[in-house]
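Visitor: I would like to go through this structure with you. Could we start with a helix and then turn to the contact between the chains?
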Amino acid sequence: MIGVLTLYESTIGKKVVMAVTGLILFGFVIIHMLGNLKVFAGRAYINAYGVFLREVGSPMFGHEQVLWLTRIVLLVSVGLHIWAAYQLTRLDLASRPVQYAMRKNQEYGYAARTLRWGGVIIALFIVYHLLHFTTGTVHPRFVEGDVYNNVVIGFQNPLVSIFYIVAQLALALHLYHGAWSMFQTLGLNNSNNKRIWRGLATVSSTMLALGNISIPLAVMLGLLR
Amino acid sequence: MPSHNTLEESTRSTAHDDDSRPMQLTLNVWRQAGPTEPGRFVTYQHQNVSEHMSFLEMLDVLNEDLILRGDEPIAYDHDCREGICGMCGMMINGIAHGPQRATATCQLHMRHFKDGDTITIEPWRARAFPIVKDLVVRRGSLDRIVEAGGYISVNTGAAPEANNIPVPKPNADRSFEAAQCIQCGACVAACPNASAMLFLAAKAGHLGLLPQGQPERYRRTVDMVAEHDKQGFGACTNMGECEAVCPKEISIDFIARLNRDLIRAKLTNPSGY
């Protein structure tokens, strides 16, 4: 098992760190979206879900204990994901000191090309999102525990809604390439099943964007009030 | 317009042995006198290109003109000119080995270009491929990766009966796909990160799929990956650019296989490594 600790030395090992933390975060954003969609079930439903997130695991775990354990896992994952990405990006930039005068990409598209900057946008979004809906610092009328009202009032500002929509599109692009890369890096991909992994990445990133964008859109259209 | 078949694609034709008019091309070629000299693009008007020429023959004719003019001919690597040795290779209009898929530069024919085209020709660019001269780069870094583990250890003596070791047909086929790698370096040249992961994965996969490659399979993976990183290649970001330009169409599935073997080597310590 000592070998595991030396995994990080190699470029592939750093990618494994990205893939494993990416998998944790990928699972999180899907569960998070499913939670978000409860806003369509009404005020009482989503506010009760908010209470559940704080009390989950009771009576074995106390108030907010599971929530904080989850938050720690997620924060560590985000930290390691960014750290590995930073180190790999520096290696990659150094590996071609003189650029081509002319280069035509054959395969990789917008999603793969914007992976790094898309990641930066997502990181900035996470900071804003926490200040907006978790601490309420940048929210105009934040009421702790009133999830429904916080969401509706938060998204009534069109600039905020547009930023959320842009961030969700960035996340979808990030996962379109990132989720597939995760399967490739973890070695799950092979010639027999690669279409399944590609399809899974495409479907999950599209569903995620549609599900999350539907909420600010519904508020702006007056469907949620 | 004469009809083409594979025989006519051989490398014998010259500019004047067919009835089609010669093409005229503008070439922007990277010229660099030596490893530490500054390089620059030089533009040449090539008036005498037959569509039957290979890309290298087109450059040969240009070089003859340059020599007659008393200029220094353009240096580029080549050897077999049959697409099997891996010596040739250059960036042609931003694509490694040019616009024709599954084709090494020597097998690219000028019929894939049009009269009046401008073609930009650059050497492979990577920190691990220092330029020797003009379009020639040193690719010894790939040899270092092979030296680190791209072999099997066998005792010398009488050759054993080959059929004593059964090899499943699918494994033999997959292994052969990887073994087609000619070490040209196009995967590195095309990779946005100048990573040699496809090359490395092909070499490790070729041996790792066969029974003879099993004893050293995980040690080989760990050592070759370490050497790859040490040589200054970048990391793979799963873009698939390498697969697209590989003259042997080696799949990035081999990279997934390499990743799997490295993870397994580190997690389970098989074969005592």
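Guide: A term is needed before the helix: the expected span of a helix is 1.5 Å times one less than its number of residues. Please also note that the model is predicted.

Visitor: What span does α9(A) reach, from its first C-alpha to its last?
Guide: Helix α9 of chain A, residues 194–220, reaches 39 Å, close to the 39 Å expected for its 27 residues.

Visitor: Where does α9(A) bend?
Guide: The bend, of about 30°, is at Ser214(A), and Pro216(A) follows within four residues. Pro216(A) is also among the buried residues of α9(A), which include Leu208(A), Asn212(A), Ile215(A) and Val219(A).

Visitor: What covers those buried residues?
Guide: The cover includes α2 (11–36), α7 (147–155) and α8 (158–185) of chain A.

Visitor: And which residue follows α9(A)?
Guide: Gly222(A) follows the helix, with a positive phi near 80°.

Visitor: Changing topic, how many helices and strands has chain B?
Guide: Chain B has 8 helices and 7 strands. Of its 273 residues, 49% count as buried.

Definitions and conventions:
Residues numbered from 1 in each chain as written. Chains lettered and ligands numbered in written order. Predicted model: local features only at pLDDT ≥ 70, side-chain atom pairs only at ≥ 80, totals over all residues. Helix = DSSP H or I, 4+ residues; strand = E, 2+ residues; numbered from the N terminus. Bend = angle between axes of the 7 residues up to and from the residue. Buried ≥ 20, exposed ≤ 12 C-beta atoms within 10 Å, placed from the backbone. Contact = placed C-beta atoms within 7 Å.
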